[in-house]
Amino acid sequence: MSDNLLKIDVNSLPLNSPSPSIRKMADLPMASSNPYDPVTSPTDILKFLPPDGSLFGLFSDPYATMKYYQPKQGNHIGKYWLTDRLETHSFTDNEIALIDFLSMHRIATRNQIHKVVFDPEDRTDKVRDFIQKCRKRGIITAFSWVTPCADGKKKPLIYGLTRVGCEAASLLFRRDLPKEFLFQPVEFTRTRGPGMNGFFHDLVSNEFFSELKRLDRVISWERKTPIRLIDGTYHKPDVSVELIKDTGEFLTFWIETIRLTNDWNDYAVKCFTKTKLAIDKLPLNTRPRRVIIIVDCDSRIPYVASLAEEYMPGVEVRYTTDERLLLGLGKDTFLIYDFQNRMLKTSSISFLTNEHTGMTAAQYFATQTLEIEDEDEFED
């Protein structure tokens, strides 16, 4: 895949526009051909398509809208399930892990749940059966999306917590979840469902997370958590993740995800500007080792890289895309843009590959001890 995608004609891509106020959608790199059905495609599709005219990535379609799948399933059963679990103290390990995952990451696909909740050797049908049981018990609900940009490919189901699931998260983990974490399944019959851009933003980020979990590298993953700077102000990166490379070697990365909207260019400029200011206001030993930027496609990277070069000078950046993450973390996952030769180059992160053998997160956590004062020691 990477060899073909790296051959990008960037001669027409603008590299240095003078200011964000002058940047207009018409100035951005745009596709010249539409790979979708011209009859059903939106009229403005060329300004959102990958500049090389390829299809949208799985989590990049700006025209997609939500549609619940079997919205009535489990509606009246959840409260009985939760009451029983609380009274009998009978939550299963997988139920706890799933609620933990979704209460921290909002939504997930089946493949992501497989990597995060289950052991790697567990069969797909075991994961599918567990998810179906959770839906029938009213813990989670399922949705997908509809789009005028038909590509003939089936879309995955996406899972989020119901009201009962959120209540379970509150009781188990003492988490007060934001309202967007609660999903109330309904039939959208006379109107379209909400746009998928926000959901895609989380899904592609969670694809990265699930791969890091598969490699067992995650020490912590903080979503939009305020980071205090030396001047007393705060910065909220999209994600701040601490990873383990080996014994005593911990690295912090910031992750920023760009999805396609009418103002995605302005969003990128503001994001990069704030990121640069924040990094400059952090002590050297607490600055992120790299900023990972997730975009929709390879051919978008040259332009986004020009923005990063202008608004985040001196910050070490790696780029990746939806499709590269979906292939699994490896030597071709991360890219840099070579401005001198005007081309993309792979830039692997050695400890984020299957071949790396350093201490894992599980091994690190296993070194932590639990010492409890036994009440029996004080009995007469």
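How many cavities of 30 Å³ or more does the count come to? The count comes to two, where a cavity is a set of points on a 1 Å grid over the protein atoms alone at which a 1.4 Å probe fits but cannot get out, with lining residues having an atom within 4 Å of a point. This is a predicted model, in which local features need pLDDT of at least 70 and side-chain atom pairs pLDDT 80 or more, while totals for chains, interfaces and linings use all residues. Residues are numbered from 1 along each chain, and side-chain values use heavy atoms, without hydrogens and water.

1. The largest cavity holds about 70 Å³ of space, a volume being the space filled by probe spheres set on the points, which are joined across faces, edges and corners. Its lining includes Tyr 36, Trp 145, Asp 151 and Lys 155.

2. The second largest cavity holds about 60 Å³. Among its lining residues are His 105, His 201, Asp 202 and Arg 223. Helix 7 gives the largest share of this lining, four residues.

3. The largest nonpolar core has 59 residues, of which Ile 113 and Leu 352 touch the most other members. Such a core is a set of buried Ala, Val, Leu, Ile, Met, Phe, Trp, Tyr and Cys residues joined through side-chain atoms within 4.5 Å; buried means under 20% relative accessible area with a 1.4 Å probe, protein chains only. Helix 7 (residues 197-214) supplies the largest share of this core, seven residues; helices are DSSP runs of H or I, at least four residues, numbered from the N terminus.

Methods
Buried < 20%, exposed > 50% of the residue type's maximum accessible area, 1.4 Å probe, protein only. Helix = DSSP H or I, 4+ residues; strand = E, 2+ residues; numbered from the N terminus. 1 Å grid on protein atoms, 1.4 Å probe; cavity = no way out; pocket = protein on both sides within 12 Å on 5 of 7 lines; lining within 4 Å.
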